[in-house]
Amino acid sequence: MKKAIKMNEEQLKKLRDEEILIGLEKTRWQRYWKLIKKNWQVYLMLIPVFLFFYLFRYRPIGGILVAFKNYENYAETIASSDFYGLYAFKFIMFGPQADRFWQAFRNTFTLSTYGLFFGFPIPIILALFFSEIRNEKYRSITQIISYLPRFISTVVITSIIALMLSSGNIAQAPGVLNSFFTRFGWIEKNTPMLSMPRYFRSIYIISDIWEGAGYGSIVYFAAIMAISPTNYEAAKMDGANKLDQIRYVTLPGMAPTLTIMLILRVGQMLNIGYEKVILLTMDRGTDIYKTSEVLSTYVLSLGGLTTGASQINFAAAADVFNSFIAMFLVLGANFISRKVSDTSLF
Amino acid sequence: MKRLDRSELIFKIIAYVLVTAFVLTTLYPFIYSISMAISGELAVTLGNVVLWPVDIQFDAVKALIIGDRAKSFWISYTNTLFYTFYGTFYSIVISVFAAYALSKTNLIFKRQISFLIVFTMWFSAGLIPTYINYRSLMVNNRWGIIYAFGVQAFNILLLRNFFKGISKEIEEAAIVDGASDFQILTQVYLPMSKSAMATVTLFYALNRWNGYFWNMRLVQGTEHPLQVILRGITEDAQNTDIITNYPYSEFSLVYAAIILSIIPVIVVYPYLQKYFARGVNIGGVKE
């Protein structure tokens with residue numbers, strides 16, 4: 001290969017000269033046109049992605065207008081409905097049903113705060129433990145198994161949760177976890193745990209950890225593996241026991257990764273997956289909403305996408321509110337991440 | 001072998017014990033699901049199955065594959081295969097083209113184009129505008145589902161970052177030999193990006209295989225994918241409080257459907273996992 005490059009150096013020079021010539025064109029647009037003609041295949045390759053992003057990512061943004069209009073039926077066109085100003089925003093936040101909006105708002109933050117508090121440290125601890133396992137075969141097998149749930153669908157996971165926790169009826173004994181909890185006296189016999197607001201958060205967060213902790217440990221494991229063994233040797237010389245080593249070598253060594261992951265996670269606080277919440281709570285009565293309804297499921301329900309009745313403009317108003325706060329959280333997180341660690345998502 | 005001091009030894013033991021416990025907890029629901037799917041009706045309805053199958057029978061599995069529950073199940077299974085196959089292909093083609101173009105240093109308006117793609121990672125129009133858009137573009141049939149979903153900014157950036165790292169010398173040699181951009185992409189870039197391609201393919205395919213909400217919402221009965229039907233079977237089983245005259249419990253049927261739905265994932269997974277751990281780590285996306 002090296003030889004071929006040398007032999008063709010003259011041709012390469014010709015190619016580069018061509019680019020310089022393009023650089024000498026009179027106007028910017030003439031230059032661009034020459035460049036496009038020269039590399040037309042590259043620009044052709046951009047057409048599909050432009051079409052996709054225009055149709056399915058940018059075109060919907062115009063639909064935000066719905067929040068400011070008297071749009072009550074999906075059969076209407078957005079342009080034909082009357083302008084309503086900020087009425088929908090006022091209505092959802094201060095109107096007679098404002099409690100439901102604020103409840104969804106609070107639930108969103110409560111759920112993600114608990115998720116952060118319990119869900120954030122566990123993959124880190126898991127990665128620490130994985131790094132202790134020196135038997136390569138055992139480690140890679142346990143790692144591969146631990147990532148697996150991340151690849152299983154939300155429907156399957158929520159179905160398994162529903163059946164394992166089911167309270168049973170005449171035709172069917174309670175699910176295996178339900179009877180396990182009953183035996184230990186944690187719940188009364190035949191408690192329908194999934195219909196009770198008090199259990200929702202635990203179920204949601206524990207199953208999230210079951211699902212994501214193994215996969216989440218990949219990043220931290222890579223960070224731990226990147227720490228040079230000589231650092232541990234040096235610490236041991238100074239008489240550090242294992243906990244000291246973790247505290248003074250491992251944790252500082254993975255600090256950049258920890259910071260970025262924490263910041264990114266905070267940036268995602270509002271984006272609670274609606275699919276899982278819907279699947280866990282669908283057809284379980286409205287009582288469960290007290291803890292389970294988050295902003296996205298509130299929007300879907302108000303917008304008639306999960307229930308029959310719809311108040312589309314109110315749903316859209318909550319939606320816009322949610323999108324903008326989410327955007328500021330992500331941007332803020334990214335900004336801080338760039339400041340503290342030079343690393344950012346964008 | 002170096003000598004371990006006491007604290008290291010204790011920590012190692014704890015690590016082995018807890019990792020093993022974690023892995024067993026991860027595996028338990030899968031083993032339990034298999035056991036429930038193939039246990040006898042009485043054992044299931046009485047709640048006698050805890051870990052291993054009791055009174056093994058395959059009536060529930062048979063009912064789904066060839067029996068009276070098979071029809072809608074297989075229709076949805078074929079639908080999901082259709083969505084996954086064409087959908088993944090569609091997403092990959094668009095993403096690879098975009099990533100290749102964006103990896104070129106002399107692309108004009110490169111910053112602006114990258115921004116248009118990255119912007120969708122911070123801001124989305126929201127669920128209601130998205131739904132209105134799907135309605136107005138008639139995304140209500142199987143091809144609509146293929147076209148309207150699937151391209152994710154994150155995956156484009158992941159591929160682009162990988163392409164950027166490919167040695168320019170080889171590329172220049174190919175240019176000198178008169179290769180076009182399509183040829184460079186397919187014959188130089190793609191063979192050198194196996195792990196990134198495997199990761200992105202896995203992500204796209206899983207999204208298609210596992211997708212639920214919009215599929216349920218946008219297409220009708222016979223076009224519903226597996227996940228929607230699976231959800232329906234779960235609902236029915238929980239609401240059945242009469243003793244049916246099938247030779248299996250309704251719960252077994254759900255677990256059998258679950259197992260059948262995850263078999264392709266489990267089969268493909270071991271081959272792809274060696275790539276994605278690497279792929280995930282190059283995803284440290286930066287502009």
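Domain bounds here come from an automatic or database domain assignment, and for chain A that assignment gives domain 1 (2–68) and domain 2 (87–341). This is a predicted model, in which local features need pLDDT of at least 70 and side-chain atom pairs count only at pLDDT 80 or more, while totals for chains, interfaces and linings use all residues. Residues are numbered from 1 along each chain as its sequence is written, and chains are lettered from A and ligands numbered from 1 in the order in which they are written.

**Overall form of chain A**
- Chain A has 18 helices and zero strands, where helices (H or I, at least four residues) and strands (E, at least two) are DSSP runs numbered from the N terminus.
- The radius of gyration of chain A, taken over C-alpha atoms, is 28 Å, well over the 20 Å that the globule rule (2.2 Å times the number of residues to the power 0.38) gives for 346 residues, so chain A is more spread out than a compact globule.
- Between the C-alpha centres of domain 1 and domain 2 of chain A there are 41 Å.

**Nonpolar core**
- A nonpolar core is a set of buried Ala, Val, Leu, Ile, Met, Phe, Trp, Tyr and Cys residues joined through C-beta atoms within 7 Å, and a residue is buried if 20 or more other C-beta atoms, placed from the backbone, lie within 10 Å of its own.
- In the largest nonpolar core, which has 140 residues, A:Ala318 and B:Leu253 touch the most other members.
- Helix H4 (residues 70–103) of chain B gives the most to this core, namely twelve residues.

Conventions:
A residue is buried if 20 or more other C-beta atoms lie within 10 Å of its own, exposed if 12 or fewer, and partly exposed in between; C-beta atoms are placed from the backbone.
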